[in-house]
Amino acid sequence: MIIMKKIIVIGTYGAGETVSDGQINKVRDYYRYIKIRYGEGAVKRVNIGEYKSSPLKTFNNLLKGIRWCEKIVLLLCGDGNGIKLIFPFIITLAKKFNKSLYLSVVGGGMLNDIDNKKKLINQLQSIDGVYVETKTMKKALEEMGISNVHYAPVFSKRDGITVNELPKEYKEPFQMCTYARVIKEKGISDAIDAVVETNKRFGRMACVLDIYGDPVGDYAIEFNEKLKIAGECVRCNPLLNDSNAIRELSKHYLLLFPTFYKGEGFPIALIESMKAGLPIVATDWHFNAEIIEDGVTGRIYKRDGERSLDDIVFELVNKPEMVQKMRIECIKEAEKYNPDSILKDLYYRLET
């Protein structure tokens, strides 16, 4: 029997139904599954995404929520103001009102900032549980003396495809795609360049690149210049949503993920690509090599190494049999990331 508790899920929820931000998607998914398990009346949410524009409103909502609840689930990026400002404040409130606090760290940026920061280490050790997305992060935090760390990779609520639904053959132009925020640090320009260069090597338009979403901020200038050079081999598309994401991804040949984003952790895009049976070509950046098995569910390369992204794309376009095997392995690997399995430890602690 599930022991009912009053739970608040604190995080940045964003606005609108369709978002490309991994943090917002993760916060929404945690809230959704915790609410499904414990019921509408037992779970409330507190949106801290407006704390800069509406600090008093955010403070009042936090205070009201923490007074009401018994257990707090907090989702924050490991770097930035959230962990530096919001986290200590919520710890103070949790201790004042004697509430249990569980932190789910979004992304991998914490390891960039935590070295020699005794205060943050003490804060993490003082709460009831810290959940991180990769085994590498878990080990690193434990080596710093933090004993309450648990491994909880990301998951996706979207249904995957089956092996029987995979395309049986591939024809030119081979469809590549990106599936990340359209910013420079996610390697979008690198992906465009790789497809352009691959087509030059073939002497024809052998592959095309689908990009989902609009460029963010100042990157729009560089992005539009890249589009002019690339021409018809790059196609811009609206953001994917719950109803079409996996099916749309499954139409593609490869996902290009040449990220060098500082806060990269365990991108949900990689799980959803595997659910779509879509092999991933990714940089050896942060935790990508822990998630993607080179030669099995995709390819890993060094951004400054001897082999470039277009070298790998060129190779795989010439080896559809290898890609087909990778597609099958991707679907198998995606089965590991079942939300109930990943949230099992957190559920146990929320119920005790």
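**View 1. Asn-98 sits in the loop between H3 and S4.** This is a predicted model, in which local features need pLDDT of at least 70, side-chain atom pairs count only at pLDDT 80 or more, and totals for chains, interfaces and linings use all residues. Residues are numbered from 1 along each chain as its sequence is written, and side-chain values use heavy atoms, without hydrogens or water. Helices (H or I, at least four residues) and strands (E, at least two) are DSSP runs, numbered from the N terminus. Phi of Asn-98 is near 60°, a positive value in a residue other than glycine. Most residues other than glycine have a negative phi. Asn-98 counts as exposed because its relative accessible area is 70%. Here buried means under 20% relative accessible area, exposed over 50%, and partly exposed in between (1.4 Å probe, protein chains only).

**View 2. His-286 lies in the loop between strand S11 (280-283) and helix H11 (288-291).** Its phi is positive too, near 50°. His-286 has a relative accessible area of 32%, so it is partly exposed.

**View 3. A cis peptide bond runs from Glu-172 to Pro-173.** Omega is near -5°. Pro-173 is placed in the loop between strand S6 (149-151) and strand S7 (174-177). Most peptide bonds are trans.

**View 4. Leu-254 is a buried residue of strand S10 (residues 254-257).** Its relative accessible area is 0%. Contact means heavy atoms within 4.5 Å. Beyond its neighbours within four places in sequence, Leu-254 touches Gln-175, Met-176, Cys-177, Leu-278, Pro-279, Val-281, Leu-316 and Val-323. Leu-209 is 45 residues away along the chain, and its C-alpha atom is 9.5 Å from that of Leu-254.

**View 5. Helix H7 (residues 188-202) meets helix H8 (residues 219-230).** Their axes come within 10 Å and cross at roughly 5°. The two helices are therefore roughly parallel to each other. From H7, the contact uses Ile-188, Ser-189, Ile-192, Asp-193 and Val-196. From H8, it uses Tyr-219, Glu-222, Phe-223, Lys-226 and Ala-230. By class, the contact residues are six nonpolar, one polar and three charged. Axes are lines fitted to C-alpha atoms, for helices over the stretch in contact, and angles run from 0 to 180 degrees between N-to-C directions. Angles under 35 degrees count as roughly parallel, over 145 as roughly antiparallel, 65 to 115 as roughly perpendicular and the rest as oblique. Ala, Val, Leu, Ile, Met, Phe, Trp, Tyr, Cys and Pro count as nonpolar, Asp, Glu, Lys and Arg as charged, and the others, Gly among them, as polar.

**View 6. The largest pocket holds about 1,000 Å³ of space.** Of its 48 lining residues, Asp-21, Gly-22, Gln-23, Cys-77 and Arg-181 are the closest to its centre. Helix H1 (22-38), strand S3 (71-77), helix H3 (81-96) and helix H10 (268-275) each give two or more residues to the lining. H1 gives the largest share, six residues. The lining has 20 nonpolar, 16 polar and twelve charged residues. On a 1 Å grid over the protein atoms alone, a cavity is a set of points where a 1.4 Å probe fits but cannot get out, and a pocket is an open set with protein on both sides within 12 Å along at least five of seven lines; lining residues have an atom within 4 Å of a point.

**View 7. The largest cavity holds about 40 Å³.** One cavity of 30 Å³ or more is counted. Grid points are joined across faces, edges and corners, and a volume is the space filled by probe spheres set on the points. Tyr-30, Val-73, Tyr-102, Leu-103, Ser-104, Tyr-131 and Leu-346 line the largest cavity. Strand S4 (residues 100-106) gives the largest share of this lining, three residues. Six lining residues are nonpolar, one is polar and none is charged.
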